[in-house]
Amino acid sequence: MVRTERGSAPDTDPEDGITGSIIAIGFSVTMNVLTLVGVMAWGWPAGNVMLLFWIENVIIGMISLVRVVSARGTASDGSGLTVNGRPVRGTPGRYGLFFTLHYGIFCLVHGVFTLIVTINLGIEPTFFWLGFPVIVVAVRYLVELLSTWFGPAGLRTVVSPQQAMMQPYPRIIVLHLAVLFAFWFTLGGGGDGLPAAVLRVLDPIFALLPQRFRTDGVEVILMLVVIKTVVDVYTTRRATRRG
């Protein structure tokens, strides 16, 4: 098992990074709302949105790799990365290599299930419906990286490579579980397990939707957008705060 603990950071102004965090969170929430509106009102294929969510995880991984290899902070209380209970020491480059392999495996498994769900929901791989949204998402994370990581009060000086390496995992783990549920849901569901119990809870909520929106695509995207918004707010605040 791999884990890391946050080390203590140098004393900083508690207001540092708040503006950048608010902007990043606001952009994420706006994008998620537009995504849902796009599927429900503009005919955006639900499969495209599923694939976009996975591509966003890949982009986050690439941005996180830049953070890992460029981080200059230290875990000053002696805590850090451990593998099976043993402390691991290394250079930012070695941490970056480990992150690439470990996170890459997560994304690969996530991608397989996402592709199956995407095909079941239907996909339209055009520039307008897929290429352009990918560019928008990439620009959003690049701006966040430049403004909060490499900016004048950049977080790279107070975040260690170990901490930077672990930051994206809460997001991808939660969304992977959500995709597994979507996989089960689009294949017909059934049974008496946990997914069926979750679906019974969600059914009254889906029943509130107008009849024309009660499709597998809209229901899956609605569920994922809600989950993704909560995760985005948490992970963005965590990635852009000091200390």
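These legends walk through several close-up views of one predicted protein model.

Local features are given where pLDDT is at least 70, and side-chain atom pairs count only at pLDDT 80 or more, while totals for chains, interfaces and linings use all residues. Residues are numbered from 1 along each chain as its sequence is written, and side-chain values use heavy atoms, with hydrogens and water left out.

**View 1. The whole chain at a glance.** Welcome to the fold: the protein chain has 8 helices and 3 strands. Helices (H or I, at least four residues) and strands (E, at least two) are DSSP runs, numbered from the N terminus. Starting at that end, the order of elements is β-α-α-β-β-α-α-α-α-α-α. Of the 243 residues in the protein chain, 45% are buried; buried means under 20% relative accessible area, exposed over 50%, and partly exposed in between (1.4 Å probe, protein chains only). The protein chain exposes about 12,400 Å², with carbon and sulfur atoms supplying 70% of it; accessible areas come from the Shrake-Rupley method with a 1.4 Å probe, and for residues only the protein chains shown count as cover. Among contacts (heavy atoms within 4.5 Å) in the protein chain with a separation of 6 or more, 85% are between residues 24 or more positions apart.

**View 2. The largest nonpolar core.** A nonpolar core is a set of buried Ala, Val, Leu, Ile, Met, Phe, Trp, Tyr and Cys residues joined through side-chain atoms within 4.5 Å. The largest one here has 48 residues, and those with the most contacts inside it are M50, Y103, W149, V220, I221 and L224. Two or more residues each come from α1 (18-41), α2, α3, α4, α5 (161-166), α6 and α8. Helix α2 gives the largest share, 11 residues. In soluble globular proteins, nonpolar side chains tend to be buried together.

**View 3. The surroundings of Y103.** Let us look at one member of that core, Y103. Beyond its neighbours within four places in sequence, Y103 touches N57, I60, G61, P168, Y169 and I172.

View 4. A salt bridge is a side-chain nitrogen of Lys or Arg within 4 Å of a carboxyl oxygen of Asp or Glu, and the model has 6 of them. E56 pairs with R171, their closest N and O atoms being 3.4 Å apart. This pair links distant parts of the chain, with R171 in helix α6 (residues 169-186) and E56 in helix α2 (residues 46-70), 115 residues apart. R171 is buried at 2% relative accessible area, and E56 is buried at 6%. E56 also forms a salt bridge with K228, where the closest N and O atoms are 3.1 Å apart. Because E56 lies in helix α2 and K228 in helix α8 (residues 216-239), this pair ties together parts 172 residues apart in sequence. K228 is buried too, like E56. With D232 joining in, E56, R171 and K228 belong to a network of salt bridges.

**View 5. A buried pair, E144 and R67.** Here E144 forms a salt bridge with R67, and the closest N and O atoms are 3.2 Å apart. E144 sits in helix α4 (residues 127-149) and R67 in helix α2, 77 residues apart. Both residues are buried.

**View 6. V109 and H176.** V109 belongs to helix α3 (residues 92-121). V109 is partly exposed, with a relative accessible area of 38%. Its C-alpha atom is separated by 8.7 Å from that of H176, 67 residues apart along the chain.
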